[in-house]
Structure formats: C-alpha cells, structure tokens
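Please look at the sequence and the model shown here.

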Amino acid sequence: MQVLFKSRHPQATELRDLTERRVRFVLRRLGWLVPRAEVQMSDVNGPRGGIDKRCQVELRTDGAGSVVVASVANDWRTALDNALARAARFLMRLWRRSSDSRRMRQRLISLER
C-alpha cells in the first residue's frame, strides 16, 4: 500500500512517520482493498488555537472508488486516529455488503437448479 502525506504545517510534518505507521496498522487486514492512501493535515484557523486540527484521509479502493473521511480535533494524533477509525469502519461495511450480496446471488442460483 502506498501512503501519501500532505501538510503545510511544521508540526504536522513531524508526524509523517507516525502517520504512515498508523495507516498501515489500522488497515492491515484491509490492505488488499486499498492500494493507495492519502492523508492531509491542516490547521483550520491558524495560531488562534481551539479545536482546529483537521485530518482528511482518502482511501482509493480497487472496486468501490474513493473513500474520503475527515476529522477535526484538538491535536493531530486524535484527528488522525478518528479519521482512520471512521474510514476503516466504512471500508468494512462496504466489504460486508459486497460479500453478502455475492452470497445471496450464489444461494439464489443454487435454489434455481
């Protein structure tokens, strides 16, 4: 899996290695579905502070297109973990739906015979 990291903020760029490790860890079982992951980190309202650290995760899948999830939190790590958790849940839902529909089709075909 290819992991791309984008950020203009100096503190966020320090998290490049951590981000890559977290993406690979969270998607370790779904890695075959996601050949490319893109993570963008930004500070929404600059030096004013507050809940303004934004992390956007875009997962390009082979069969389901792109999955884009964003999260805003007090710090970079929380924003990253929340966005990755939501993206992984969404991918699992997509995978389960597709496998359930395949099973239903196979069941219908076997009943017709």
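## The sheet

Four strands come together as an open sheet with mixed pairing, in the order S1-S2-S3-S4; strands here are DSSP runs of type E with at least two residues, helices are runs of H or I with at least four, and both are numbered from the N terminus. The edges are strand S1 (2–7) and strand S4 (66–73), each of which pairs on one side only, where pairing requires that DSSP finds at least two bridges between two strands. From one strand to the next the twist averages 15°, an angle between N-to-C directions on a scale from 0 to 180 degrees, with axes fitted to C-alpha atoms.

This is a predicted model, in which local features need pLDDT of at least 70 and side-chain atom pairs count only at pLDDT 80 or more, while totals for chains, interfaces and linings use all residues. Residues are numbered from 1 along each chain as its sequence is written, and side-chain values use heavy atoms, leaving out hydrogens and water.

## How the strands pair

Strands of a sheet pair through backbone hydrogen bonds, in a parallel or an antiparallel sense. S1 and S2 run parallel and are joined by six bridges, with Val3 standing opposite Ala37 in S2.

Strand S2 (residues 36–43) pairs with strand S3 (residues 53–60) in the antiparallel sense, over eight bridges. Ala37 stands opposite Leu59 in S3, and Met41 has Cys55 of S3 as its bridge partner.
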